[in-house]
Structure formats: C-alpha cells, structure tokens
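Please keep the sequence and the model in view while reading.

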Amino acid sequence: MLQAGDKAPDFRGENQKGETISLSDFKGKKVILYFYPKDDTPGCTAEACSLNDHNEYFLQKGYVIIGVSPDSVNSHKQFEEKYRLSFHLVSDPEKRIIQEYGAWGEKKNYGKTSMGVLRSTFIISGEGLIEKVFSKVDTQTHAEQIIKELGL
C-alpha cells in the first residue's frame, strides 16, 4: 500500500454519471480518495453516508471526495440515487486503480481468507502527494475520523 509522502498515481475511470475523470482533473485541490468493497452493503453504505453528510464541510475546506470500488457504473448510479450521494463514485471492475493504490489484498472474514478490496482512504494534496493513509476505517464515523486526524 502507498504511504504518506508517496506521489499519488494518476488514474482515469468512469463515474456514476458516465463521465471519465482522472486524479489530474483535480490538480490544485485536495482529494479524499477512498476505496470500498461493494455498493449498497451495510459497511459501505455507512461509510458513504458519513462522508456525504460532511461533504459540504469538506468542500468548504478545499477537499473533493472520490470513492472507488469494482462495481459497475450502473451500480454506482443506483447507489448514488438511493442515498443521494453528492460526490464521484468511480467504477474499477478490472481493479487497476485499486491495485495501483495497494487496496487489493488478503482479507479475513468470519475466519475465512479471501482476496478483496482493502477498505482504505488516501488524503492527497493539491500537488498530488499522499498526505495521510487510513487503513483502519471506522465506517460509521469515517468523516469524523478524517476531520479529527487532519485537524480540520
């Protein structure tokens, strides 16, 4: 997994609106880039809603939120509409972005080991450097976790 101080890999992907976006589109802005396993599951919904509830605050502080998962564009669109999410959700079915950020790996769930998306968040500066990595995400209060850690 990438660490604080590393250059954030640029990426291109399609969001829930069918628009192609890249990290470089947000040059000069700070980015909260978060990776999550699956749309409309309890933990992922809690995390997305926590971030969404604080999206205006983050925007005022100069941050843009981008979520990435292997789900399809259509799945992202339904997820956005169901929970009225107001940020980009990027579809990465080939897991290129996920792997580039080191957010793919071995997970243990109920004693079973499998490969999957490692829930993680990267705070990226306007110059494209990783400032902070959250590898232990509290899905219920993730926005507050970020605010506290960054001293916002």
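## Strand β3 and its partners

Phe 35 has Ser 120 of β8 standing opposite. The model in which this pairing is found is a predicted one. The strands β3 and β8 pair in the antiparallel sense, and five bridges are found between them.

Strand β3 also pairs with β4, in this case through six bridges and with the two strands running parallel. Lys 30 has Tyr 63 in β4 as its bridge partner. Five of the six residues of β3 are buried, so the strand is largely enclosed by the rest of the structure.

## The sheet as a whole

The pairings of β3 belong to an open sheet of seven strands, whose order is β2-β1-β5-β4-β3-β8-β9 and whose pairing is mixed. Strands β2 (20–22) and β9 (130–134) stand at the edges with a single partner strand each, so one side of each has no neighbour in the sheet. From one strand to the next, the twist averages 30°.

Strand β4 (residues 63–69) and strand β5 (residues 88–91) run parallel and are joined by four bridges. Val 68 has Val 90 in β5 as its bridge partner. In a regular strand, side chains alternate between the two faces of the sheet.

Helix α5 (residues 142–150) lies across β3 (30–35), β4, β8 (120–124) and β9. Its direction makes an angle of about 135° with β9.

Helix α1 covers residues 42–53. Its 12 residues, at 1.5 Å a residue, should span 16 Å, and the C-alpha atoms at its ends are 16 Å apart, which agrees. The buried residues in α1 are Cys 44, Thr 45, Ala 46, Glu 47, Ala 48, Ser 50, Leu 51 and Asn 52.

Side chains of opposite charge can pair when their charged atoms come close. In this model the count of salt bridges comes to seven. One of them joins Lys 17 to Glu 80, with 3.4 Å between the closest N and O atoms. Lys 17 is in the loop between β1 (12–15) and β2, whereas Glu 80 is in helix α3, so the pair ties together parts that are 63 residues apart in sequence. Lys 17 is exposed, at a relative accessible area of 55%, whereas Glu 80 is buried, at 12%.

A salt bridge also forms between Asp 40 and Lys 82, where the closest N and O atoms are 3.0 Å apart. This pair links distant parts of the chain, since Asp 40 is in the loop between β3 and α1 and Lys 82 is in helix α3, 42 residues apart. Asp 40 is partly exposed, with a relative accessible area of 37%, and Lys 82 is exposed, with 51%. An α-helix has 3.6 residues a turn, so residues three or four places apart point the same way. Lys 77 is partly exposed at 36% relative accessible area, and Glu 81 also counts as partly exposed, at 48%.

## Aromatic residues

Across the whole structure, 10 aromatic pairs are found. Tyr 34 and Phe 87 form an edge-to-face pair, 6.0 Å centre to centre with 70° between the planes. This pair links distant parts of the chain: Tyr 34 is in strand β3 and Phe 87 in the loop between α3 and β5, 53 residues apart. Both Tyr 34 and Phe 87 are buried.

Another edge-to-face pair consists of Tyr 57 and Phe 58, at 6.3 Å centre to centre and 65° between the planes. Tyr 57 counts as partly exposed, at 27% relative accessibility, while Phe 58 counts as buried, at 0%. One aromatic cluster is made up of Tyr 34, Tyr 36, Phe 79, Tyr 83 and Phe 87.

Methods
Residues are numbered from 1 along each chain as its sequence is written. This is a predicted model: local features need pLDDT of at least 70, side-chain atom pairs count only at pLDDT 80 or more; totals for chains, interfaces and linings use all residues. Side-chain values use heavy atoms; hydrogens and water are left out. Two strands pair if DSSP finds at least two bridges between them. Axes are lines fitted to C-alpha atoms, for helices over the stretch in contact, and angles run from 0 to 180 degrees between N-to-C directions. Contact means heavy atoms within 4.5 Å. The expected span of a helix is 1.5 Å times one less than its number of residues. Buried means under 20% relative accessible area, exposed over 50%, partly exposed in between (1.4 Å probe, protein chains only). A salt bridge is a side-chain nitrogen of Lys or Arg within 4 Å of a carboxyl oxygen of Asp or Glu. Rings of Phe, Tyr and Trp (its six-membered ring) pair if their centres lie within 6.5 Å; planes under 30 degrees apart count as stacked, over 60 as edge-to-face and the rest as tilted.
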